[in-house]
Structure formats: C-alpha cells, structure tokens
Amino acid sequence: MGQHAFWLGLVCCVLLSGGGWCQTVPFIPEQEIPEDLGVDIFFFDDVGKSSQTLEEPITGTLGPFDNFTFGLEVVEQDGTLPDVLLTLSVTNTNGDADLYCHPWTLASQIRLPSPQFATWRSDHTQGDDHIFISRTNDVYSREKRFNVTVGKEDLKSVKLVCGIFGKETAGTDVELEVDVLYKTRNLVKEELKALKQIHEDCCGGDIPCPFGPGATQSFVFDSGILQGGDKDAFYDFCHARGSFCDEDGRLIRLDMSGYGLTCEFPTAALGKMKRLRKLDMNSNMMTGDIGEIAEELSGLKDLERLSLSSNVLSGTLSKGSDRGLCKLTSKRLKFLNLNSNEIKGEIDGCLFQADSVLEEVHLDLNKFTGSLPEFSPDAKVELLSISNSGMTGLIPESLGGMDTLRAIRLSRNKLLGAIPENIGSPPSLLIVDVSSNRFEGGIPESLANAPLLRMLLMSENNLTSVPESWVSGKPKSENLEHVDLNSNQMESGFPVGLALLPNLQYFNIAFNKFAGVLPPVENLFPVAKVLVMSHNEFEGSIPEEFGSIGMFNGKVPASALPVFTLASNKLTGDIPEFFHDTQRPTGLTNRIFLGKNELSCPEPTALHGINDLVCFTKCDCEKSERDANLLQGGGEGKESRGVSSLSTGAQAAIGLVGAILVVFLVVAIAVVIIVMLRKKKWTTKLNEIESGEGDIEVGTRSANV
C-alpha cells in the first residue's frame, strides 16, 4: 500500500455506525480460500439494523492508472445476505474514475478486480455512478461463506473485493459511499406497471425480450427470481443487472440496452419514473423523433444521462430554443449519446451555450448537414464526438475557446480549411482526432504545447506542415503517446523534437513528403512500440545512433510486438549492424521493413527476419550470393557448395515436397491395384451367378455390398 499511504491512514480512522472492527474466524470450504489478500477490509456487522453505512465516505485523489483496492465483509441476517450499494463520486472537473468489484473467491483464485476483469463495474464515472449488488445475484448469493463471531453470536459472512481506478492525467478526486441494505427494495407499483407496458408494446418481435414472464433464460434477472412464483418479480428492475432503485423503490438508473425492444420510443411509460437519473436503452430497434422524445423526457427533472445509441431514431436535434434537447440540456442532462441513429439536419448551437450543462456529447454515425455551430466559452462540454456524420465546412475558432474540453473527435467527415490555431488551447485537452477530413495548411503550434495531450490523430487530410518545435525545438506536449499523421502532404525535415518526447509509443508519418537526412541523434523514440516512416523522401544512410531507439536497445519488451519501417524512401549506404539478427531483440524478427530503398547489399544471412529484404530493388543479387560463397571459404570453383550452403532451408522444403509426392504415388498405386483386384473378383462372381453356379446370399455381406 506504499504509494497509497493516505488511504491506509484514512481507512484506519473510519468508524462504522453501530459497530466496530471484528476478528473473523476462518471457514475452510473444500478448496481453501485465503482470508488475507493484502487489502483493508470494511466490516459490516450490525445485523440488527435495516441498513448500515460508513460514518464518513472514503475520499482521496488518484493519478492516471493509480488504484485503491479494498475489501467489504457483510454478515447474513437470518440466513439472508444484504444488498450492497456502492456510490462513487468524482468531485473535480475533468476527473474520471471507475469502480470494479469481484467476489472474494474470484479475487483470491484468479486476480484482483481491474478494468479488464471485473464481475461488477461502474460506467465512466463523472459525477456519480453506482454499483448495486442484489442479494438475488447468482454470483453473490453463491459465494463461499466465512464464519464470524459478532458479540457472542456465530454468524456467516461474505467478502467482496473492489478497486477504484483513476483515468485522468491531471488526477481525479473521488468519494466513495457504501450502503449495506438488509431491507429489500421492491419497485413501486406505478413503475412496475410502466415496465409491463414497455414489455407489451416493445417485445412482440421475433427475438423475445429478456424480461417479463416469458424470460425463462435471462441476462437481466438471476435464477432465484426467474424460478420464483411472483410474476411481478419479472418486471422488478430494482434487482435487474445494471439498474437500481432508491430506498423508496423508485428507479434511479434503468438499463435496457440490447433488449431487442422493437417499438416507438416509450416516452409515456418512462415519464412515470420521476426520479430517474440515468437511462440507457442502446442497441435496440426503437423509432421516433428525437426532438419529440427529448420534449417528453424533459419532465424528468433529475435526468442527467441519456444514452440511446444504435436505434432507428430520426428527426433533428432541436425544435427551437425552448423545446427538444435544448430544453432538456438546460436542466440536468450532462451525458448525451445518440450515436448510430438516423438523425438529420443541422446541430443546434443551444447544446453548447452557457446555459447548457452538457459535459459529454456523442453524435457519431448520423446524417447531419451543415457545419459545426458556435461554442460558448462558458459551455461545460468536456468530450465532443461527432464522427462519420456528414459534417461540412470549417471548424469554428470558438471550439478552442472552451477550457473544459478534454477530447475532440471529428473524424470521417467533410470538414475543410485550416485547423484553428487555438485548438490545442484547452488546458485539460487529452485527445484530438480530426482524421479523414479535408483539412489544409499546417498543424497548429498550440497542439505542440498542449501539456496533457496524449493522442493526436490527423491522418488522411491535406495538411502540409508540422509545428516548428517538432522539428528543431522542444515541444511542451510531453505526455503525447500516439501520433498518426499518415497520408497527408507534409513537407518537412525529420521531426527530431517530436521523436525525443519521453512517452511517445505510436508514431506514423507514412505517405507524406518528409525529406532530408535522418538525424544522427541518440535516444530517439525511447519507448515507442510502432514506428512507421515509410513512403517519404528521406535520403542518405541510416545513422548508427538509431540503434539507441528503445525497441533496439531492449527498453521496449518483445511482448509489445514492436514494428519498425523505413521502406519506400531514398536511403543509401550500408544497413547498420543493429539490424542484424545476431544483435537485434528477438521481438523484432519479421517486424522490420527496409525495402524499396537504395541500400547496399549486406551479407544475406545477417538479415534473416527482415521481411522485405529478399532482394533489394537496386541490389546486385548475383554478387551478393557470390560474396556470400567466398565468405564461407569457397572460391568460384566451389560456387555450387556455397549455393547449397545458402539454400539449406530451400533444400529441406524441396525434400519434404518430394517425400510427400512419393508417398502419394505409392498410395495411388495401391488403390489402383485394390480396385483392379476387386473388379476381377466381382466379375468372376457375376459370371458364376449368370451361369447358375453361384448363389446370392440374403442377409449376408455379399447381398449388402
């Protein structure tokens, strides 16, 4: 816990309402489960109450990729486990973190929870998000029990392991509350009736919906509910995966993504869920006008997340400044995802004005017309994604005036003109993707000075120049990890400043007009895994100093599967020894490309594993083979022996093919002989039958042939 010492101190001072820390007594099942995973455990033992919570929430700050892992131990009440509600809040602007949990058995026998491996998880937390673990959950209810002593009473407990992971370079302030709920939460009748109506209206298609009385097999509810006799339980989304209710039984979050809903969007039914904060209905087949839908949903005063991607919604994004999404976003809506629908028309600027509270906007894969609207400097937008949606015209300079921006994604449109000089000005900018458009001019210097920028994607445009600091200066964007500039018209020398950045992992400048000699500079690309510099106009020799590049000096592990290409340039001279198979790391075998240059011929055997060096375009291949023969001790009179030595692999392949052909020939001859013998046998038998000397045996092998 060294790097998170502040957490340990905080945990030690946490007091639980109605109880304290208790020593557990191990319970040994058939397969022993360890009690100690090296994490601090919050113990909830006050089974006399209907609920129990931490007296003070857990708080702290997590840097990028930092995490805090902790345990929860909850005790059965009258043989029944409680529900567990974890509420994670991100309290700083631009922060981002998520929560991941496992049952103790899984964490101890496989690995601790992480973004790649978790049983329960939150979803891109900015603001509040929740994990609700229902007592009916199969994994939770079947988890191994521990014996615990509470006071003088011997009880059973279950342990969970959770981890909070930070995701932002600038750091994330988090606050975690844990509620252990012994009182069952059941959905109120009004909302139960609304979900029955959604089932009736939307579940008549060929694919049955995974809820309702016909859902005998379901990813929504656990088997304990499906096998019970209460039909209302099939609609009780207080216990559905991904959804949860407050203590009054009213839905706070409803997730019906991928349910196969085929209908007009059910605004009337959803309007009954008055406390709904988060609504996810992605990947269905719902229709309707998005403006009218937004107008109806504006009655949900607490709605802060609306995610309706991959449906068949139509209409436009605004019906006027006082209706539609404009009305909805001026209240509490912070997250909007309408990707992959059939929405047309222009995008109304009301979404990006000072009175809008929108923080994330996802509008990819629609059918918009017109250009981007103007953006207010007081807008709250942190992520703007409008890719592959038919946008035209210029990027307004006002886009770079929003200080809250963290990510800009405008790829695969028809945007043109110059990229605004201030596009890299937002202080928390992490991602810029404007690839596959029609931009011209240079890459703004502001992008070279963006302190937190990690990903820059500008491929497939008509850009002609790079920032001066990339070539001869020292860029301030030291967090850059991924740069893709391929397929432009860049005319520049080698970008030494960019190549010296300490965190650059992916670098692609292929299909441009970069020219001049490669710089004899040490320690370029110290951690890069992919270096693509092909199809340019670099000339001269490959410097020996390139041997200090991370993938050649061992700093980049072979498991990263590095790639290096300088193919299709105008390089000359000898190939440096660090490319030779006796010196280069094994991870680069067959992952180096130097073909279609004017490089001198090396000793052929020294460059096994360089894919495109079978024969250089400008090489005298006969001379290469003759020189190789001489190196092996043979003169011109021993050429055949040299060729034989150099062709061992080829000879082995020819020998194998020959052996296969011989076997095939032997088998073919044997088959012909057998067929001829059988033909002779049956000809003789038929002759006997025709002459009356043979019998046809009924029910024997002869009759069945």
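Strand β28, residues 438-442, is joined to β30 by three bridges, and the two strands run parallel. Here strands (E, at least two residues) and helices (H or I, at least four) are DSSP runs numbered from the N terminus, and two strands pair if DSSP finds at least two bridges between them.

## Basis of the model

The structure is a predicted model, in which local features need pLDDT of at least 70 and side-chain atom pairs count only at pLDDT 80 or more, whereas totals for chains, interfaces and linings use all residues. Residues are numbered from 1 along each chain as its sequence is written, and side-chain values use heavy atoms, with hydrogens and water left out.

## Parallel sheet of β33 to β39

A further open sheet has four strands in the order β33-β35-β37-β39, again with parallel pairing. The edge positions are held by β33 and β39 (598-599); each has a single partner strand, so one side of each has no neighbour in the sheet.

Strand β37, residues 570-573, is connected to β39 by two bridges, and these strands run parallel. The bridge partner of T572 in β39 is E598.

Strand β14 spans residues 251-255 and is mostly covered, as five of its five residues are buried. Buried means under 20% relative accessible area, exposed means over 50%, and partly exposed lies in between (1.4 Å probe, protein chains only).

Strand β14 is joined to β13 (residues 244-245) by two bridges in an antiparallel arrangement, with F244 opposite R253 in β14. The hairpin of β13 and β14 has five residues between the strands, and in this hairpin G249 takes a positive phi near 80 degrees. Three bridges also join β14 to β15, and here the strands run parallel; L254 has L279 in β15 as its bridge partner.

## Positive patch on the surface

K193, K272, K274 and K301 gather in a surface patch of positive charge. Such a patch consists of residues with over 30% relative accessible area and no salt bridge, with like charges joined within 9 Å; a salt bridge is a side-chain nitrogen of Lys or Arg within 4 Å of a carboxyl oxygen of Asp or Glu.

K272 is located in the loop between α6 (267-270) and β15 (278-280). K272 is partly exposed, and its relative accessible area is 39%.

## Loop residues with positive phi

Most residues other than glycine have a negative phi. D78, which is not a glycine, has a positive phi near 55 degrees. D78 occupies the loop between β5 (67-75) and β6 (83-90) and is exposed, with a relative accessible area of 77%.

F511 is not a glycine either, and its phi is positive at about 55 degrees. F511 lies in the loop between β32 (506-508) and β33 (515-517). With a relative accessible area of 45%, F511 is partly exposed.

## T149 in strand β10

T149 is placed in strand β10, residues 146-150. T149 is partly exposed, with a relative accessible area of 29%. Although T149 and V75 are 74 residues apart in sequence, their C-alpha atoms are 10.0 Å apart in space.

Methods:
Patches are made of residues with over 30% relative accessible area and no salt bridge: like charges are joined within 9 Å, nonpolar side chains (Val, Leu, Ile, Met, Phe, Trp, Tyr) within 5 Å. Accessible areas come from the Shrake-Rupley method with a 1.4 Å probe; for residues, only the protein chains shown count as cover. Lys and Arg count as positive and Asp and Glu as negative; His and the chain ends are not counted. The place of a charge is taken as NZ of Lys, CZ of Arg, CG of Asp or CD of Glu.
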